[in-house]
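Colleague: I have this model open and would like to go through it with you. Could you start with the terms you use for strands?

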Amino acid sequence: MCGRFAASRKPEELVELFGVERWEPEEALDQDWNVAPTKRVHVVLERPLKDAESPRPVRQLRTVRWGLVPSWSKNPDGAARMINARSETLHEKPSFKRAFQSRRCIVPADGYYEWVTGAAERDLEVEGKKKRPRKQPYFVTPADGSVFAMAGLYEFWRDATLPPEHPDAWWATCSVITTEAETGPLGVAPAEGPGSLAEIHPRMPLMLTPDRWDPWLDPATTGTDELRALLAPPPEGLMRAYPVSTAVSSVRNNGPELLDELDGPELGTLF
């Protein structure tokens with residue numbers, strides 16, 4: 001799954017990297033090393049500009065809330081539960097089906113965090129000596145330092161309780177698509193710890209390699225089979241994973257130090 005990620009690239013870098021044609025500097029977000037559900041995030045998408053003379057789709061950098069609210073929802077209360085969409089079933093799920101057909105985006109990130117319960121902690125849990133075991137966070141990121149382009153979906157939701165001119169009358173939201181975690185060897189594995197992403201967690205965000213960015217964002221790509229082909233996992237061996245401080249487990253903590261690699265897990269032996 002993807003329940004937390006880091007997004008420290010500045011919008012100017014994302015504009016150049018993804019060939020963005022339109023963005024509003026006043027909507028730019030600060031760097032965030034601990035992005036949690038319902039926070040605002042940058043996404044790259046293609047759609048015609050509002051009130052534009054031409055219907056041509058324009059690649060844009062937009063700011064949306066993480067946690068998808070379908071257009072037909074009565075309220076946004078379930079947004080925190082809609083942060084992920086499973087690649088295997090999103091084409092048939094009512095909450096994601098329409099967005100999959102025409103409202104796809106890329107959620108740029110440095111990488112994502114995933115938590116592993118240590119062996120000693122698991123033993124305590126089995127013995128009934130600890131009700132809630134502590135977990136060791138790992139940071140998963142492209143081994144070559146490139147952007148982690150997570151496949152996503154976006155939606156617009158109208159708050160009928162507010163007048164149309166109200167700034168919060170329309171919500172723009174997104175969800176990150178996940179897939180089965182890779183079972184093959186990591187591109188760079190920690191000296192002590194997991195040898196594959198599947199050893200950390202059975203799910204992972206779906207990373208789009210650059211050759212898939214254009215067809216994924218293109219609104220003209222609408223065929224279900226064509227779209228599902230774009231959901232194929234990327235080649236194995238592109239990722240690295242390493243242990244980071246348990247400070248990231250609190251959403252109150254935020255800063256580049258959260259990405260610092262530890263010599264070994266804080267919680268002792270994990271595997």
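Modeller: Strands (E, at least two residues) are DSSP runs numbered from the N terminus, and two strands pair if DSSP finds at least two bridges between them. This is a predicted model, in which local features need pLDDT of at least 70 and side-chain atom pairs count only at pLDDT 80 or more, while totals for chains, interfaces and linings use all residues. Residues are numbered from 1 along each chain as its sequence is written, and side-chain values use heavy atoms, with hydrogens and water left out.

Colleague: Okay, which residue in S13 does Phe-139 stand opposite?

Modeller: Phe-139 stands opposite Tyr-242 in S13, and the antiparallel strands S9 and S13 are joined by 5 bridges.

Colleague: And how many bridges between S8 and S9?

Modeller: S8 and S9 pair in the antiparallel sense over 6 bridges, with Glu-114 opposite Tyr-138 in S9.

Colleague: Why is S9 largely enclosed?

Modeller: Because 7 of the 8 residues of S9 are buried, where buried means under 20% relative accessible area with a 1.4 Å probe, protein chains only.

Colleague: Switching topic, what lines the largest pocket?

Modeller: A pocket here is an open set of points on a 1 Å grid over the protein atoms alone, where a 1.4 Å probe fits, with protein on both sides within 12 Å along at least five of seven lines, and lining residues have an atom within 4 Å of a point. The largest pocket is lined by 20 residues, of which Glu-27, Lys-50, Arg-62, Phe-156 and Ala-172 lie nearest its centre.

Colleague: Which strand gives the largest share of that lining?

Modeller: S5 does, with 5 residues.

Notes. Helix = DSSP H or I, 4+ residues; strand = E, 2+ residues; numbered from the N terminus. Buried < 20%, exposed > 50% of the residue type's maximum accessible area, 1.4 Å probe, protein only.
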